[in-house]
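Hi everyone, thanks for coming.

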Amino acid sequence: MVSNEAGGEAPKQATTLLALSPAEVAQRFVELGLKPFHARIARKEALERGITDYARMTALPLAARERLAAELPILSSVEVERHKAWDGTTKLLLSFPGGARPATVETVYIPPRELASGKGATLCVSSQVGCPVACPFCASGRAGLVRNLEAHEIVEQYVRGREVGALARSVVMGIGEPLLNYANVSAALAVVHDEMGLGSRKVTVSTVGFPERLRRIAPDKPRFQLAISLHTPDQEQRDELVPAMKGVPIEEVLAAGDDWFEQTGREVTYEYVLLAGCNDSFGHAERLAQRLARRRCTVNLIPFNPVDDSGFGRPTELGVARFHQTLVERGLVATVRWSRGVENDAACGQLRIRRQEPAQ
Ligand code: SF4
């Protein structure tokens, strides 16, 4: 079981606009012969409009833009790959500097289903480089944890997502376990709420549900919706599917979810990745319904996206519909979320792993 704040410190890097606080940006701008209001403009342009090139910040003096580009880059990451699916889902593979092992993460921009609706997209961001939880069906856990992402590296994913298009909501559900890097996730979300305008009901943090950690942070009423990845109603199977939670009773996880609801007034969503022939039987649905009976919550069913060599399969549409129906008939609120952009390594961490494991 993972018990400590996981992951080493990110190595020291040259600073960027996004890595500095607003006051530090203002000071740096003054040192470069600009005014504090220029600093506010630059930060606003980057965070609110996703502009990542000073040359396009036309409200800044022309002469200053080149100097800023040389002295204070906006971003620290490099976009290594970009895959755009037929439905507009855009997966970015980003590489952050420093460290012996490559610090690559995935960020996914998921447009609304009705493209013409004019609604903004959902952005799925990563919280760590690699993941220490090591779920056997997930590409992200394969190589373990490389390091935690810094707060500004998380913010940077939002800025890059905003560069792709307007954002309406976000899920911290990419690579990593957010509660094991909570200080940085929380600092990043403060920027996302306060300076990018995404309200607390528009941001979901997804965790495997460490009870002690949830109880520690719930009294602060964090400004996000909570999703707990359950994946099975059976203790023995959860110990296998979510190895970092081995030995933590499911009832304790659910009790921590109940406490969260009491403390924050916000219902918890339970995530359930449906794995063909593994956790998608009628019996699983019935036992899940029993576990969650009389709880005010939503179950989010996620049909598995194939991951190379994982040994797990994608359930059929009929199987998913039956599982869903069983839950609904037993009084649960349940939704199904088919992942988007399947043709482009839609499974979390797949693109990153492919990049690191060249075909033999
Ligand atoms: S499913 Fe989530 S918690 Fe599990 S290994 Fe993948 S990223 Fe980590």
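Let's start with strand S3, residues 103-110. Of its 8 residues, 8 are buried, so S3 is largely enclosed by the rest of the structure. Before I go further, please keep in mind that this is a predicted model. Look at the side chains of S3: Ala-103, Val-105, Thr-107 and Tyr-109 point one way, while Thr-104, Glu-106, Val-108 and Ile-110 point the other way, and all are buried.

What does S3 pair with? On one side there is S2, which runs antiparallel to S3 and is joined to it by 7 bridges. If you want a landmark, find Lys-91, whose bridge partner in S3 is Val-108. S2 and S3 make a hairpin with 6 residues between them, and in that turn Gly-98 has a positive phi of about 90°. S3 also pairs with strand S4, residues 121-125, again in the antiparallel sense, over 3 bridges. There, Tyr-109 has Leu-123 of S4 as its bridge partner.

Now let's zoom out to the sheet. How many strands form it, and in what order? There are 10, forming an open sheet with mixed pairing, and the order is S1-S2-S3-S4-S7-S8-S9-S10-S11-S12. Strand S1 (78-84) and strand S12 (333-336) stand at the edges; each has a single partner strand, so one side of each is left without a neighbour in the sheet. From one strand to the next, the twist averages 20°. For S1, the pairing is with S2 (residues 90-96), antiparallel, through 6 bridges. Glu-79 sits opposite Leu-94 of S2.

Next, helix H9, residues 282-292. Its buried residues are His-284, Ala-285, Leu-288 and Leu-292. They cover an arc of only 100° around the axis, which puts them on the same side of H9. What do the buried residues of H9 pack against? The answer is strand S10 (268-274), strand S11 (297-303) and helix H10 (317-329). Turned away from the buried side, you'll find the exposed residues Phe-282, Gly-283 and Gln-290. After H9 comes Arg-294, with a positive phi near 65°.

Finally, the ligand. It is surrounded by 12 residues, the closest being Cys-131, Val-133, Cys-135, Cys-138 and Gly-141. By class, that shell has 8 nonpolar, 3 polar and 1 charged residues.

That's my tour, and I'm happy to take questions!

Technical notes: Residues numbered from 1 in each chain as written. Predicted model: local features only at pLDDT ≥ 70, side-chain atom pairs only at ≥ 80, totals over all residues. Near = placed C-beta within 6 Å. Nonpolar A, V, L, I, M, F, W, Y, C, P; charged D, E, K, R; others polar. Buried ≥ 20, exposed ≤ 12 C-beta atoms within 10 Å, placed from the backbone. Helix = DSSP H or I, 4+ residues; strand = E, 2+ residues; numbered from the N terminus. Arc of directions from axis to C-beta. Contact = placed C-beta atoms within 7 Å. Pairing = 2+ DSSP bridges. Axes fitted to C-alpha atoms, helices over the stretch in contact; angles between N-to-C directions.
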